[in-house]
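Have a look at the model, then read on.

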Amino acid sequence: MKRIIVLSIITLFAFQTASFAQTEKINLAGRHTIFFESGFKTNSKTTVISNPAGVEAKTGFIGSLSYGYWFDDEWALTFSAGVFGAEATIKYNGVQANAIIPILFGVRYYPDRLALGSVGRFYAGLALGQYLGSASRTKLLFTTETVNESVFGGQASIGVDLFVVSWFKFGPKISYHVIGDFSEIIGTKKNLSGAGFSIDFGFVL
């Protein structure tokens, strides 16, 4: 809850800044963007648990590096690669680390009727692709086992791009990931589907 409040305050500040920083109409067609995403899953939390059996650390962090291209003033193609939660467990009989890497291709729709004048644009997005899971386990006698697995999934999102200046954008995004079941990577939890809240920020060329 505290993270949502902090990110909301940052977003409101950016929106106010953008409203005074730019007066000309935003033309998106034919432009490129490289942007970063940083946030967290709403149904997870960052924890570190220590007990006689070992130490377990988990995080609900969401992060990605993305590329976008507006082939029309209202439509953009996107490609992203990132990190979708991770965990590490250190026990008396070995070390285990898990991570999920989504590779997604998608499209975003920026309706003119919902444009915020010269300040920004609301959008709705849909992206599909593979969620790549990787786990490395160290067992007794220094034996290491690596497991790789991928499942199909997708992300639906809504958000807003606020243009502080013509070449820099910033804004919040709410998304929902629908992911297939992993058979080995996650351990006791086979499915990571769920909602996320994040902030996108990047450069427009």
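Leaving out neighbours within four places in sequence, Ser198 is in contact with Glu37, Ser38, Gly39, Gly171, Pro172 and Lys173, where contact means heavy atoms within 4.5 Å. This is a predicted model, so local features need pLDDT of at least 70 and side-chain atom pairs count only at pLDDT 80 or more, while totals for chains, interfaces and linings use all residues. Residues are numbered from 1 along each chain as its sequence is written, and side-chain values use heavy atoms, with hydrogens and water left out.

**Ser198 and its strand**

- Ser198 sits in strand E9; helices (H or I, at least four residues) and strands (E, at least two) are DSSP runs, numbered from the N terminus.
- Ser198 counts as buried because its relative accessibility is 1%; buried means under 20% relative accessible area, exposed over 50%, and partly exposed in between, using a 1.4 Å probe and protein chains only.
- The side chains of Ser198 and Glu37 are joined by a polar contact of 2.9 Å. Such a contact is a pair of N or O atoms within 3.5 Å; within protein, one must be able to donate a hydrogen and the other to accept it, and residues adjacent in sequence count only if both atoms are side-chain atoms.
- Strand E9 covers residues 194–204 and is mostly tucked away, with eight of its 11 residues buried.

**Who pairs with E9**

- Strand E1 (residues 32–41) runs antiparallel to E9, and nine bridges join them; two strands pair if DSSP finds at least two bridges between them.

**Aromatic rings**

- How many aromatic pairs are there? The count comes to 10, where rings of Phe, Tyr and Trp (its six-membered ring) pair if their centres lie within 6.5 Å, and planes under 30 degrees apart count as stacked, over 60 as edge-to-face and the rest as tilted.
- One of them is the tilted pair of Phe40 and Phe197, at 6.3 Å centre to centre with 50° between the planes.
- Phe40 lies in strand E1 and Phe197 in strand E9, so this pair ties together parts that are 157 residues apart in sequence.
- Both Phe40 and Phe197 are buried.
- Phe168 and Phe203 make an edge-to-face pair, because their ring centres are 5.8 Å apart and their planes are at 65°.
- That pair links distant parts of the chain, with Phe168 in strand E8 and Phe203 in strand E9, 35 residues apart.
- Phe203 is partly exposed, with a relative accessible area of 41%.
- Elsewhere, ring pairs link Trp70, Tyr110 and Tyr123 into a cluster.
- Lys169 lies over the face of Phe35, at 4.2 Å from the ring centre; a charge sits over a ring if NZ of Lys or CZ of Arg is within 6 Å of the ring centre and within 35 degrees of the ring normal.

- Tyr131 is in strand E6 (residues 120–138), and it counts as buried because its relative accessibility is 0%.
- A polar contact of 2.7 Å joins the side chains of Tyr131 and His177.
- Tyr131 and Ile103 are 28 residues apart in sequence, and their C-alpha atoms are 6.3 Å apart in space.
- Val165 has its place in strand E7 (residues 144–165) and counts as partly exposed, at 28% relative accessibility.
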